[in-house]
Amino acid sequence: METRRRSRQGFPLFRVILLVAFVGAILIGGGVASFFADQQSRRQPLEIALYPGAERWGESPDQGSTRRSVFYRIGGTTVETVANFYQEALLQHSGDSLERCVRIPADGEFPPEELEPGFVPYYFKCLFDRSGLGTTQYTEVIIMPGLPNENPEFNTDGMTVVRFNQVWQP
C-alpha cells in the first residue's frame with residue numbers, strides 16, 4: 001500500500017533537481033569539449049582536394065609556422081576547367097551558391113604593357129574559409145596559366161598552375 005502512494009505522488013523534488021543538474025552538466029561538458037575540439041581542428045591547414053593529376057611543384061620558403069604557399073602544376077587541361085573544379089568544391093564547402101571563384105581581370109587579360117616578366121595575364125581566386133569566433137583557418141586557391149621559362153624546372157608553358165595560400169591558428 002505504501003508503494004502505491006509513492007507512485008501517485010511522482011518523483012520527489014530532490015530527484016528532479018538532481019536529474020536536471022546531471023543533464024545540464026553533461027550538456028555543458030559536451031559543449032566545452034566540442035569547443036576545444038573545434039579549436040584544435042583549426043591548428044592545421046585547411047586541406048582542399050587537389051585537381052586530379054595535380055603534381056606538387058614546390059613550396060614558398062619562410063612562410064612561418066601558421067602559413068604556407070604550396071604550388072601544383074597540371075598538364076593536359078585548361079585553366080577554366082581547373083577553376084570550374086574548384087568552384088564546385090567551393091560550393092560543397094560553403095553550402096552557399098553565392099560563394100564564387102573570381103576571375104581577375106573579369107574579362108580578357110591584363111594589358112601587355114602592365115605585365116612584367118613572370119606575371120600571368122589572368123588568374124582565378126577561390127577562398128575556402130573556415131574561420132570562426134576568434135579563429136582563423138582558410139585556404140586561398142589561385143589558378144593561373146603556366147608561363148614559359150628557359151629553365152626546364154620552372155617551365156610551365158601549356159600547363160595550369162595552382163597555388164594554395166594556407167593560413168591557420170597557432
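For what follows, Ala, Val, Leu, Ile, Met, Phe, Trp, Tyr, Cys and Pro count as nonpolar, Asp, Glu, Lys and Arg as charged, and the others, Gly among them, as polar. The model is predicted, so local features need pLDDT of at least 70 and side-chain atom pairs count only at pLDDT 80 or more, while totals for chains, interfaces and linings use all residues. Residues are numbered from 1 along each chain as its sequence is written, and side-chain values use heavy atoms, with hydrogens and water left out.

I will start with the pocket. A pocket here comes from a 1 Å grid over the protein atoms alone: it is an open set of points where a 1.4 Å probe fits, with protein on both sides within 12 Å along at least five of seven lines, and lining residues have an atom within 4 Å of a point. The largest pocket holds about 280 Å³ of space, where the volume is the space filled by probe spheres set on the points, and points are joined across faces, edges and corners. Its lining has 14 residues, and Trp57, Gly118, Leu147, Phe154 and Thr156 lie nearest the centre. Strand 5 and strand 6 are the elements that give two or more residues to that lining. By class, the lining divides into 9 nonpolar, 4 polar and 1 charged.

Next, the layout of the chain. There are 3 helices and 6 strands, taken as DSSP runs numbered from the N terminus (helices are H or I with at least four residues, strands are E with at least two). The order from the N terminus on is α-α-β-β-α-β-β-β-β. Of the 170 residues, 29% are buried; buried means under 20% relative accessible area, exposed over 50%, and partly exposed in between, with a 1.4 Å probe and protein chains only. Among contacts with a separation of 6 or more, 55% are between residues 24 or more positions apart, contact meaning heavy atoms within 4.5 Å.

Now the interior. A nonpolar core is a set of buried Ala, Val, Leu, Ile, Met, Phe, Trp, Tyr and Cys residues joined through side-chain atoms within 4.5 Å. The largest one has 21 residues, and Tyr86, Phe128, Val141, Ile143 and Val162 touch the most other members. Two or more residues each come from strand 2 (67–74), helix 3 (79–94), strand 4 (123–129), strand 5 (138–145) and strand 6 (160–167). Helix 3 gives the most, with 6 residues. What does Ile143 contact, leaving aside its neighbours within four places in sequence? The list is Val79, Val82, Ala83, Tyr86, Tyr123, Phe124, Cys126, Thr160, Val161 and Val162. There is also a second, separate core of 5 residues, which includes Val120, Ile142, Met144 and Val161.

On to charges. The whole structure has 4 salt bridges, each a side-chain nitrogen of Lys or Arg within 4 Å of a carboxyl oxygen of Asp or Glu. I will go through some of them.

Arg68 and Glu47 pair at 3.0 Å, N to O. Arg68 is in strand 2 and Glu47 is in the loop between helix 2 (13–41) and strand 1 (55–59), so the bridge ties together parts 21 residues apart in sequence. Arg68 is partly exposed at 21% relative accessibility, whereas Glu47 is exposed at 53%.

Arg73 and Glu55 pair at 3.2 Å, N to O. Since Arg73 lies in strand 2 and Glu55 in strand 1, the pair ties together parts that are 18 residues apart in sequence. Is Arg73 buried or exposed? Arg73 counts as buried, at 16% relative accessibility; Glu55 is partly exposed, at 39%.

Lys125 and Glu140 pair at 3.5 Å, N to O. Lys125 is in strand 4 and Glu140 in strand 5, 15 residues apart, and the pair links distant parts of the chain. Lys125 is partly exposed at 31%, and Glu140 is buried at 19%.

Two remaining items. A cis peptide bond joins Ile104 and Pro105, with omega about -10°. Pro105 lies in the loop between strand 3 (102–104) and strand 4. Then there is Ser65, in the loop between strand 1 and strand 2. Ser65 is exposed, with a relative accessible area of 65%. Ser65 and Gln169 are 104 residues apart in sequence, and their C-alpha atoms are 9.4 Å apart in space.
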